Amino acid sequence: MHDAAPLILTLAFDEPTFARFDGERRRNFPEALNFIPAHATLFHHLPGDRERGVIEAVTSLARTVPAPGVAVTGLRFTGRGVAYILESPSLANFRARLASTFEPYLTAQDRQGWRPHVTVQNKVTPDTARALHADLAAGFAPFHFTAPATRLWRYLGGPWEAVATLAFGENA
């Protein structure tokens, strides 16, 4: 049933940051498995049958929070892929507050420690992943971006369907 399919909440990027991450994902992620754009997941599984309540809760909190600054601090070798490491105390606080709101609905994956990242390669051999990690690490310099919003998606068993963009700040 489409309406019961889980919801995924991700962080939206500004345009230059999205272009960078998504370009790297398109270049390095196996094409046959790359169904979705570059993203940083805040929650992997929220109740699809409560879409309106999820939108209201995220919108209500996001309006009270200035667009968070996010530091891209390094790269993580994941064994079969590579991800950029993100750090943002204000974003971590926002996510923790949402986790309290959604607590009865959280899966084990969303209850465990949150380590924000953007995966640009996954599901490749460890040697391929090591090579990309070494290549990206050699030219890496930390950078910052401001996240303008969150994005809500419906998980469709591979592809995701965009549901809503929920902006941070008073002008949301």
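Two strands are taken to pair if DSSP finds at least two bridges between them. Helices (H or I, at least four residues) and strands (E, at least two) are DSSP runs numbered from the N terminus. The model is predicted: local features need pLDDT of at least 70, side-chain atom pairs count only at pLDDT 80 or more, and totals for chains, interfaces and linings use all residues. Residues are numbered from 1 along each chain as its sequence is written, and side-chain values use heavy atoms, with hydrogens and water left out.

The protein chain has five helices and eight strands, in the order β-α-β-α-β-β-α-α-β-α-β-β-β from the N terminus on.

Four strands form an open sheet, ordered S5-S4-S3-S6 with antiparallel pairing. Its edge strands, S5 and S6, each pair on one side only. S3 and S4 pair in the antiparallel sense over six bridges, and Phe77 stands opposite Val82 in S4. Helix H1 packs on the sheet and touches S3, S4, S5 and S6 (contact: heavy atoms within 4.5 Å). The direction of H1 makes about 35° with that of S5.

| Element | Residues |
|---|---|
| Helix H1 | residues 15–28 |
| Strand S3 | residues 69–77 |
| Strand S4 | residues 82–87 |
| Strand S5 | residues 117–121 |
| Strand S6 | residues 143–146 |

Along its principal axes the C-alpha trace spans about 45 × 35 × 25 Å.

Definitions and conventions. Axes are lines fitted to C-alpha atoms, for helices over the stretch in contact, and angles run from 0 to 180 degrees between N-to-C directions.
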